[in-house]
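Please find below a colleague's note on the structure shown here. The points are numbered so that each may be taken up separately.

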Amino acid sequence: MNEHVIQQTDNIEKHTLSNKLLANISKFRELGLIVFIVLLCAFIQWRNSSFLTIENINDMITNAAILSILAIGMMLVLVTRGIDLSIGAIIALSGMICAQLVSQYSLNPFLIILIGIAIGIICGVLNGVLIAKIGILPIIATLALMNIFRGLTYRISNGEWVSSYQMTEGFLSIATGKIFGINNLIVIAIVIYIIFYYVINHTVIGRQIYAVGSNPESAKVSGINENKILILVYSTLGGLSGLAGVLWVSKFASAQGDTATGYELTVIAACILGGVSIAGGAGKVSGVLLGALLLGILQNALPLLNVSPFWQTGIQGAIILIAVILNTLVKRSVDRNNLIRRKI
């Protein structure tokens, strides 16, 4: 009997040590991601010397700016155990309306940005109300509104495009202009990340968002208004999507009904690569930034390596799948470790 107890204790200790190791892996996930990015860049540079040129790095970061802006908003939604499949359609709707306003009235670029954000917030509030107030599952509510927003975009545009020659130079300069030699898209992304880093890590609202995602029941007992938080995060993501719509149209100098189709999956992938848990309650701003940067590197590098377009999506999917598996294993090990400690 004593031998059995000793053996069981040894097994528990070994299991606990193993779980502690994986827990440490969880803590240093961002460091591992940085190392992976550095090694990936070194490999790509070895295969193509034009990868780490100043011009290509600038293009790569600029192209990843819109993705990173959307990823920070999606992180908030995922942290609350939600999901938003409508952001691609919001980008298209916001971009189309703003492009038409520019072509007809030549409005000030700053005003157009505000209009785009307002359109996105309205769409996000609709998502939040359906989810928080009516109780529809996030995936169902956002899927339905995705089709509504996309259909509305086609209806407003009558299936026609708004091209660059119909847009003002001021509007196009939103994405092409520079501040202190840095592209406007990069500057906007940096400002947004600074703001959200502070809000998430140093305000009551930030703590409440994580509380709702970690344990909704305990959050309610603590007096946190869950409905208010849900509407807030969806409207925030909507506002960022509306902003992204303006930036997208300005960058590509074209507004179309099918703009950003399926882009929400890329944004979710960036969050998952950055360590955001789809089960809610876990995610860091720094991790999301790294995840968006990694996807930006892959999208830029694979064509440089002459990888077939048919394989590019598959390679990105494989990397995302590996990240999901690692995140799941780490979370499971940490939960199991906590359970064993309670038993002891």
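**Notes on the predicted model**

1. Phenylalanine 180 is exposed, with a relative accessible area of 81%. Phenylalanine 180 is not a glycine, yet its phi is positive, at about 55°. The residue sits in the loop that runs between strand E2 (178-179) and strand E3 (182-183).

2. A second residue may be read alongside it. Alanine 260, also a residue other than glycine, has a positive phi near 60°. Its place is the loop between strand E4 (254-255) and H12. Is alanine 260 buried or exposed? With a relative accessible area of 7%, alanine 260 is buried, because the limit for that class is under 20%. Phenylalanine 180, by contrast, is exposed at 81%.

3. The overall composition is as follows. The chain contains 14 helices and four strands. Of its 344 residues, 46% are buried. Where contacts join residues at least 6 apart in sequence, 80% of them are between residues at least 24 apart.

4. The packing of two helices can be described in some detail. Helix H5 (residues 109-132) packs against helix H6 (residues 138-157) at an angle of about 145°, and the axes are 9 Å apart. Their crossing is right-handed. On the H5 side the contact is made by Cys123, Leu126, Asn127, Leu130 and Ile131, and on the H6 side by Pro138, Ala141, Thr142, Leu145 and Phe149. How many of the residues in this contact of H5 with H6 are charged? There are no charged residues in it; eight are nonpolar and two are polar.

5. The aromatic residues form the next topic. A pair of aromatic rings is described by the distance of the centres and the angle of the planes. Three aromatic pairs are found in a search of the whole structure. One of them joins tryptophan 248 and phenylalanine 252, with 5.3 Å from centre to centre and 50° between the planes, a tilted arrangement. Both residues belong to helix H11 (residues 226-252), where they are four residues apart, about one turn of the helix. Tryptophan 248 has a relative accessibility of 15% and therefore counts as buried, whereas phenylalanine 252, at 46%, counts as partly exposed.

6. Tryptophan 248 has a further partner. Why is the pair of tryptophan 248 and tyrosine 263 edge-to-face? The ring planes stand at 85°, with the centres 5.0 Å apart, so the pair is given that class; the angle required is over 60 degrees. This pair links distant parts of the chain, since tryptophan 248 is in helix H11 and tyrosine 263 is in helix H12 (residues 263-273), 15 residues apart. Tryptophan 248 and tyrosine 263 are both buried. Trp248, Phe252 and Tyr263 together make one aromatic cluster.

7. Serine 68 is a buried polar side chain to examine. The residue lies in helix H3 (residues 54-79). Which residues are in contact with serine 68, leaving aside its neighbours within four places in sequence? They are Ala189, Tyr193, Leu289 and Ala292.

8. Leucine 52 lies in the loop between helix H2 (29-47) and H3. With a relative accessible area of 40%, leucine 52 is partly exposed. Not counting residues up to four places away in sequence, leucine 52 touches Cys41, Gln45 and Ile57. For cysteine 41, which is eleven residues away along the chain, the C-alpha atom is separated from that of leucine 52 by 7.9 Å.

9. Isoleucine 278 is located in the loop between H12 and helix H13 (285-304). At 57% relative accessibility, isoleucine 278 counts as exposed, because the limit for that class is over 50%. Isoleucine 278 and glycine 82 lie 196 residues apart in sequence, while their C-alpha atoms are 7.9 Å apart in space.

Terms used. Residues are numbered from 1 along each chain as its sequence is written. This is a predicted model: local features need pLDDT of at least 70, side-chain atom pairs count only at pLDDT 80 or more; totals for chains, interfaces and linings use all residues. Side-chain values use heavy atoms; hydrogens and water are left out. Axes are lines fitted to C-alpha atoms, for helices over the stretch in contact, and angles run from 0 to 180 degrees between N-to-C directions. A crossing is left-handed if the near helix is turned anticlockwise from the far one by less than a right angle, and right-handed if clockwise. Contact means heavy atoms within 4.5 Å. Buried means under 20% relative accessible area, exposed over 50%, partly exposed in between (1.4 Å probe, protein chains only). Rings of Phe, Tyr and Trp (its six-membered ring) pair if their centres lie within 6.5 Å; planes under 30 degrees apart count as stacked, over 60 as edge-to-face and the rest as tilted.
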